[in-house]
Amino acid sequence: MDPFEEYKRRMEVMASRLSGHDHEDFDTLRRRLKEILEEVELYGDTEQQRAARARILHGLNTLALKRLGVPFDVLEDDRAVAAASPGRCLDLAVYVALGEESETVLGQFGPNLEPCELPNIAMTAFCRRVTAHADGREYVVGVVPSGKMGNTRAASVMSAILSTFAVRNVVVLGLAGSISDDLFPGDVFIPDTISEYLANSAAVGRSTLSFELSGNRFSTDQTLLNRFQNCFSTCSSEYAQWTVAAGRRWMSTMDASECPALIAMGVSRERKPRLVCCDDRILGSGPAVGKGRAFAKWLTTNNRKVSAVEMESAGVYDASLIHRPAPRTIAIRGISDFADERKRRLERSVGRSLRRAAIENATSLLLFTIAMGFFSNDPPTS
């Protein structure tokens with residue numbers, strides 16, 4: 001398809017999603033872009049026209065990130081991926097566990113996802129192409145909703161995906177509970193290491209049960225980790241727009257009055273969500289949902305660098321890293337609550353709206369980094 005036609009289609013989508021005074025800035029940019037496209041069609045393209053077009057597209061990307069939480073470049077791409085077949089290449093496979101998370105993730109990826117029922121597993125992948133405006137390259141992305149929690153399920157599904165597709169990168173996307181004093185709901189956490197904390201453990205004790213931990217350790221791909229860790233600098237404008245959108249989502253989950261119980265937990269409308277990446281931090285991955293302080297204390301006593309817990313990443317990493325060639329693998333987890341007794345108190349105060357904001361923050365971070373070329377084999381360009 002003519003790239004100019006894609007610009008026009010994406011502008012239509014953006015116009016339908018914006019509201020109020022946002023249309024004023026958008027209409028100015030849209031009018032200028034249409035004028036340039038008409039001149040190019042009549043008289044041909046020039047270096048001056050390309051430069052002007054790039055400036056307008058930058059403005060559209062900035063506005064889309066600020067108001068919609070995703071770049072203009074991924075709002076619309078009607079070249080949906082055709083029905084997948086064994087051996088087809090995926091630049092990026094995105095594993096999502098529960099339906100609650102999957103619904104939000106699929107919604108943010110847009111309407112042009114092509115469902116594909118897989119031939120060797122009772123699972124449907126949703127595929128589409130996403131254009132990285134940083135280098136103009138198209139990435140074929142497949143979102144895989146698993147429908148169940150747990151590392152066993154995650155390892156089985158990811159093994160089947162890797163047997164069906166040639167996958168270059170894997171993202172395990174979802175929610176996690178914080179057990180760190182400086183990791184709060186609304187933040188997005190990317191760990192340096194995944195610890196499957198109960199793997200290979202020994203059950204000990206005569207009158208009371210305890211576990212001597214051994215655990216499996218899985219490392220996040222260092223290239224991807226480096227790119228995410230430095231995105232506040234390498235993609236400063238886009239990262240700033242992401243934080244603004246993340247903060248807006250966070251504020252929408254809170255009542256302006258803010259009850260004292262929430263404030264005592266460090267939960268405030270004024271606190272800005274952030275990306276917490278690397279710094280030798282560990283994501284605990286295992287079979288337990290944390291709802292008590294004793295569990296969090298037990299985990300951090302055995303390993304003080306565990307910052308959050310969830311139930312899928314170890315399975316995805318294990319399946320990915322044993323595969324040859326191994327895809328680059330990274331976990332992106334939205335912090336939705338605390339993995340102790342504060343979890344119930346937080347849910348009573350704000351319901352499940354915070355969980356939705358947390359997965360939206362994580363997904364929008366993934367989308368903007370795809371647009372910036374983070375999953376390319378070459379260094380991304382701004």
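Visitor: What does Ile332 touch, not counting residues up to four places away in sequence?

Guide: Ile332 touches Val171, Val172, Leu173, Gly174, Val188, Phe189, Ile190, Phe228, Ala362, Leu365 and Leu366, where contact means heavy atoms within 4.5 Å. The model is predicted, so local features need pLDDT of at least 70 and side-chain atom pairs pLDDT 80 or more, while totals for chains, interfaces and linings use all residues. Residues are numbered from 1 along each chain as its sequence is written, and side-chain values use heavy atoms, without hydrogens and water.

Visitor: Which residues touch the most other members of the largest nonpolar core?

Guide: Leu173, Ile332, Leu366 and Phe375 do, among 42 residues. The set is called a nonpolar core because its members are buried Ala, Val, Leu, Ile, Met, Phe, Trp, Tyr or Cys residues joined through side-chain atoms within 4.5 Å; buried means under 20% relative accessible area (1.4 Å probe, protein chains only). Helix α13 (residues 353–371) gives the most to this core, with eight residues; helices are DSSP runs of H or I, at least four residues, numbered from the N terminus. Apart from this core lies another of 36 residues, including Ala97, Met158, Val316 and Ala331.

Visitor: What makes α3 roughly parallel to α8?

Guide: Helix α3 (residues 47–68) and helix α8 (residues 236–252) pack at about 25 degrees, with axes 7 Å apart. Angles under 35 degrees count as roughly parallel, and therefore α3 is roughly parallel to α8. The residues in contact include His58, Thr62 and Leu65 of α3 and Gln241, Ala245 and Arg248 of α8.

Terms used
Buried < 20%, exposed > 50% of the residue type's maximum accessible area, 1.4 Å probe, protein only. Helix = DSSP H or I, 4+ residues; strand = E, 2+ residues; numbered from the N terminus. Axes fitted to C-alpha atoms, helices over the stretch in contact; angles between N-to-C directions. Parallel < 35°, antiparallel > 145°, perpendicular 65-115°, else oblique.
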